[in-house]
Amino acid sequence: MKIVIVGGVAGGASAAARARRISETAEIIVFERDSFISFANCGLPYHIGGEIKDRSALLVQTPESMHARFNLDIRIKCEVIGIDSVAQTVRVREVDGGREYSESYDELVLSPGASPIVPAIPGIDSPAVFKLRNIPDMDLIIRKINIDAPRSAVVVGGGYIGIEMAEALIHRGIETTLMEMSNQIMPPIDPEMAVPLHQEMRRHGVRLRLNDVLEAITEVEGRLELTLRWSKPLLTDLVILAIGVRPENQLAQLANLALGERGGIKVDKHMHTSVEHIWAVGDAIEVKDFVTGLGAQIPLAGPANRQGRIVADNIFGYPAEYKDTLGTGICKVFDLAAASTGASEKLLTAEGIAFEKIYVHASDHAGYYPGATQVNLKLLFDPTNGRVLGAQAVGTKGVDKRIDVLATAIRGQMTVFDLEEFELCYAPPFGSAKDIINQAGFVASNVLRGEHEICHAEQVSACAADVLLIDVRNATEIGVLGTIDEALNIPVNLLRAHLDRLPKDRPLVVFCAVGLRGYVAYRLLKNLGYQVRNLAGGYTTYQMVKRIGV
């Protein structure tokens, strides 16, 4: 058996290592056009920012270490430029010297990854414009910072890399602007959930330019002038492009492999392409979204590693399937973490998939134990059977744990009723007797059982003239945090004494800070025959929705 693997890093390196663990006699060749066969690309911004001090820590495996451990034939600085699927050969060009030769294969694994999107605009080829895909890109950025000492920088794109690079540049003492063409950063989450991230970025000195597009770059007296579609030009010393990535599919096209709608290589559940003896993994392929069943491009390291293992198993006759992608991910945003799994409200709405949503704003551990911080959780679920469809969370601590639990729930096709029953770790320093997951289950289950009628924040303005808003918080809270215009303030503990102020012939919407006291007020009024709903997530969610795009 002779296996040729094109590309290393997550998918290719995992396939190679797994193949060797299965077979000691197979000939395994890995071609990599760069010098680095397996590196922590997710750690690149953190080395630029100084959190990861040692550059060598990013090198997960070197060609020498992988050869020593797995007896692999690793050929760095060798680019595969063609595939003959009939003859089962690849054409290889050595980067240094340009020598070309052919290499045969029994099984071919493509792991070319994805390349940064570079817009075709004037000035994009300036030497002060950088992208970040690999270690050489990282080295160039660090060299620019160390030698030229730029005072300012603009990061174009508000995804994972853009956010992490903005933070890295702030850590290096560089005045930083983050530009994003949509109304939010971190696209996997919904706009209202990104609002705390916008506030956190600004709190640490990042200047956000949302809803704007870079149209041209001009060199002016040693600096860069950025022409924007909707705003005044920006002057800066450095530009980092983090607009996104697109799958590297050139080799696949040369081999006449089928591509998906998004340009990724089309594979089946075994990671086999449309051509016999050719497999593909990682950022170059199109996967299926676990929740919607639609084609998706999800460039994450975890799925790529699993796909590499699956390919090796199938090559050697051990049937294995890739069971679609949830897109579970997390991003550090200075002192906050933002994470998501499954489908977002944006995606479900775009695809016409019915859903309901609830919000929980609760402490990451018992409130009476020092250091408790708030976690903002959004849960999306099927309104007919309660199946969990997606979740998003933002907070200082405990975000990863909750999203990991909910990712497992989605994978197991569990419902919000199951979340009520989850038995999770509890001690005051680590959690609460009613964990945030349980609380989300309680709220969502009550909604589905008809025991809790809710009104969403975006519906308040539309129905304000028809309903009476009741703020059941204390007056001191309102004095500090504000309230919704025209809302009548009756604290929940005084509600029974002021029922005469509430009409039974007009719909009521009650709200508090996060929804809990609002629910108590809702049950009280509902039991007394009032037409009433509770504002989902309370005033906290209302403020998040109100500040979308700001």
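Colleague: In this predicted model, is serine 126 buried or exposed?
Modeller: Serine 126 sits in the loop between β10 (114-116) and β11, and its relative accessibility comes to 7%. Buried means under 20% relative accessible area. At 7%, therefore, serine 126 counts as buried.

Colleague: With which side chain does the side chain of serine 126 make a polar contact?
Modeller: Not counting residues up to four places away in sequence, serine 126 touches Glu219 and Leu224. A polar contact at 3.3 Å joins the side chain of serine 126 to the side chain of glutamate 219.

Colleague: Which backbone nitrogen does the side chain of aspartate 84 reach?
Modeller: The C-alpha atom of aspartate 84 is separated by 9.8 Å from that of asparagine 256, 172 residues apart along the chain. At 3.1 Å, the side chain of aspartate 84 reaches the backbone nitrogen of valine 86.

Colleague: Which residue caps the N-terminal end of α4?
Modeller: Helix α4 (residues 135-148) has 14 residues and reaches 20 Å from its first C-alpha to its last, close to the 20 Å expected at 1.5 Å a residue. Just after α4, alanine 149 takes a positive phi of about 45°. At the N-terminal end, a side-chain oxygen lies 3.0 Å from the backbone nitrogen of aspartate 137, and the capping residue that supplies this oxygen is asparagine 134.

Colleague: What covers the buried residues of α4?
Modeller: The buried residues of α4 are Ile135, Asp137, Met138, Ile141, Ile142, Lys144 and Ile145. Their cover includes β3 (38-39), α2 (44-49), β4 (59-61), β11 (129-131), α5 (160-171) and β18 (239-241).

Colleague: Which strands stand at the edges of the open sheet, and why is one side of each left without a neighbour?
Modeller: The open sheet is formed by 5 strands in the order β29-β33-β32-β30-β31, with parallel pairing. Each edge strand has a single partner strand, so one side is left without a neighbour in the sheet; these strands are β29 (454-455) and β31 (488-489).

Colleague: What is the bridge partner of aspartate 471 in β32?
Modeller: Strand β30 (residues 468-471) pairs in the parallel sense with strand β32 (residues 508-511) over 4 bridges. Within β32, the bridge partner of aspartate 471 is phenylalanine 511.

Notes: Residues numbered from 1 in each chain as written. Predicted model: local features only at pLDDT ≥ 70, side-chain atom pairs only at ≥ 80, totals over all residues. Heavy atoms only, no water. Helix = DSSP H or I, 4+ residues; strand = E, 2+ residues; numbered from the N terminus. Expected span 1.5 Å × (residues − 1). Buried < 20%, exposed > 50% of the residue type's maximum accessible area, 1.4 Å probe, protein only. Contact = heavy atoms within 4.5 Å. Polar contact = N/O pair within 3.5 Å; in protein donor to acceptor, adjacent residues only side chain to side chain. Pairing = 2+ DSSP bridges.
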